[in-house]
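Biologist: I am new to this structure and would like to know what the terms rest on. Please take me through them one by one.

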Amino acid sequence: MKLSQFRFKLPEESIALEPPHKVFKNEDGTVEKVYRRDECRMMVVHRKSQTIDMYKTDDEGNATSEFIQFRDIINYFGEGDAMLLNDSKVFPARLYGTKEKTDAKIEVFLLRELNPELRLWDVLVEPARKIRIGNKLFFEEDGPMVAEVIDNTTSRGRTLRFLYDCPHDEFKRELYALGSAPIPHYIIDRRGTNEDDTENFQTIFAKNEGAVTAPASGMHFSRELMKRLEIYGVNFGFITVHCSLGCFDPIEVEDLTKHKMGSEQMIIGNEACEIVNKAKSEGHHVCVVGVSTMRAVESSVGTDSQLKPFSGWTNKFIFPPYDFQLADSMVANFYHSESTMLMETAAFGGYELVMEAYQKAVDNGYKFGCYGDCMLILDD
């Protein structure tokens, strides 16, 4: 397929700048926001019947004027079904420093630690044209956190050596204390960051640190909703996919077969395999939550359509047409035009049906992006 087939016009007001929330005014006049992850809208796409549901139904099965919310996902799964989730934990990857001598403000985006002993990190810098090998960056006006640029990796990529002499645990703690939640620029360019982002830009089941962007589709789950799903008999399997910025890299070729996807580290253990393989072998639903989770699954599933344990990296790029081997349902957010995430969603739900759903989402005021609404794709 071609890049241009995934192009659509997204109105400015369709980009979600915050998760779903309600605003309350206290007696003292202060305003408080209460975030409710599971109250985003959820469009339900049926890939076999080629139908799309946006509204709840009454007891007689007639559509109402009330939009389906994510918490209504309990109506689509039950005893013996399995959901596969990504438990990667986002770390505060965005820092701001100043360049020595010029005091130019530099954004440093931490990607991954290369060598704990030498304090080496793979990072992105902005503006990159100002940062050269040998430059020093200061992250506190009078503090000890200083880094030296020792290599260029890509046009914006650099290798930094932090000049901070202390035990590694203390270094990481101090480094992260200077950072902020790595929410995308399409949000911070519009409203900056706030303290709520530290908690909001994270799933409630985040466990294994290493992601530089959140597995957004998993952020809709609340503790209450997960408990209700457990009561309904739904089993949860957890894998770790350290979401990278690779899925956000712009595609610069019209022919999608020529695009090279960035790599993400993934770990799939025996327990998760047992949970989803049991559900599949017994004829129950297997729902994969998120495009990174799906990419990891499709990188490790065997020819027998069973999930296999795996520890390593994947740069799998999924776009239509593609034959999925394991899941029969999927949760995905609404993504931006020409994004690899949209392409993977269209591969699972069917190109024409998913693009129709996207048009309905735009026309009906659904929110796009990591804090936005979502889609549940079912095989019925």
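Modeller: Two strands pair if DSSP finds at least two bridges between them; helices (H or I, at least four residues) and strands (E, at least two) are DSSP runs, numbered from the N terminus. This is a predicted model, in which local features need pLDDT of at least 70, side-chain atom pairs count only at pLDDT 80 or more, and totals for chains, interfaces and linings use all residues. Residues are numbered from 1 along each chain as its sequence is written, and side-chain values use heavy atoms, with hydrogens and water left out.

Biologist: How do you know that strand 18 pairs with strand 20?

Modeller: Strand 18 and strand 20 (residues 329-333) are joined by three bridges and run parallel. Pairing asks for at least two bridges, so the two strands pair.

Biologist: What makes both faces of strand 18 covered?

Modeller: Buried means under 20% relative accessible area, exposed over 50%, and partly exposed in between (1.4 Å probe, protein chains only). In strand 18 (residues 286-289), Val286 and Val288 on one side are buried, as are Cys287 and Val289 on the other. In a regular strand the side chains alternate between the two faces of the sheet.

Biologist: Why is Leu326 called buried?

Modeller: Leu326 has a relative accessible area of 2%, which is under 20%, so Leu326 counts as buried. Leu326 lies in the loop between strand 19 (310-314) and strand 20. Contact means heavy atoms within 4.5 Å; leaving aside neighbours within four places in sequence, the contacts of Leu326 include Val276, Val286, Val297 and Leu307.

Biologist: What makes strand 5 and strand 6 a pair?

Modeller: Two bridges link strand 5 (residues 55-57) and strand 6 (residues 63-67) in the antiparallel sense. At least two are needed, so these strands pair as well. Thr57 stands opposite Ala63 in strand 6. Five residues lie between the strands of this hairpin, where Gly61 takes a positive phi near 85°.

Biologist: What makes a set of residues a nonpolar core, and which residues have the most contacts inside the largest one?

Modeller: A nonpolar core is a set of buried Ala, Val, Leu, Ile, Met, Phe, Trp, Tyr and Cys residues joined through side-chain atoms within 4.5 Å. The largest has 73 residues, and Met43, Phe201 and Tyr358 have the most contacts inside it. Helix 8 (residues 351-363) gives the most to this core, with seven residues. A second, separate core has 27 residues, including Tyr164 and Phe171. In soluble globular proteins, nonpolar side chains tend to be buried together.

Biologist: Why is one space called a cavity and another a pocket?

Modeller: On a 1 Å grid over the protein atoms alone, a cavity is a set of points where a 1.4 Å probe fits but cannot get out, and a pocket is an open set with protein on both sides within 12 Å along at least five of seven lines; lining residues have an atom within 4 Å of a point. The structure holds one cavity of 30 Å³ or more. Among the residues lining the largest cavity are Pro19, Arg37, His220 and Tyr371.

Biologist: Which helix gives the most to the lining of the second largest pocket?

Modeller: Helix 3 does, with three residues. The lining has 15 residues, and Tyr35, Arg37, Glu199, Ile204 and Arg223 lie nearest the centre of the pocket.

How values were computed. Points joined across faces, edges and corners; volume = space filled by probe spheres on them.
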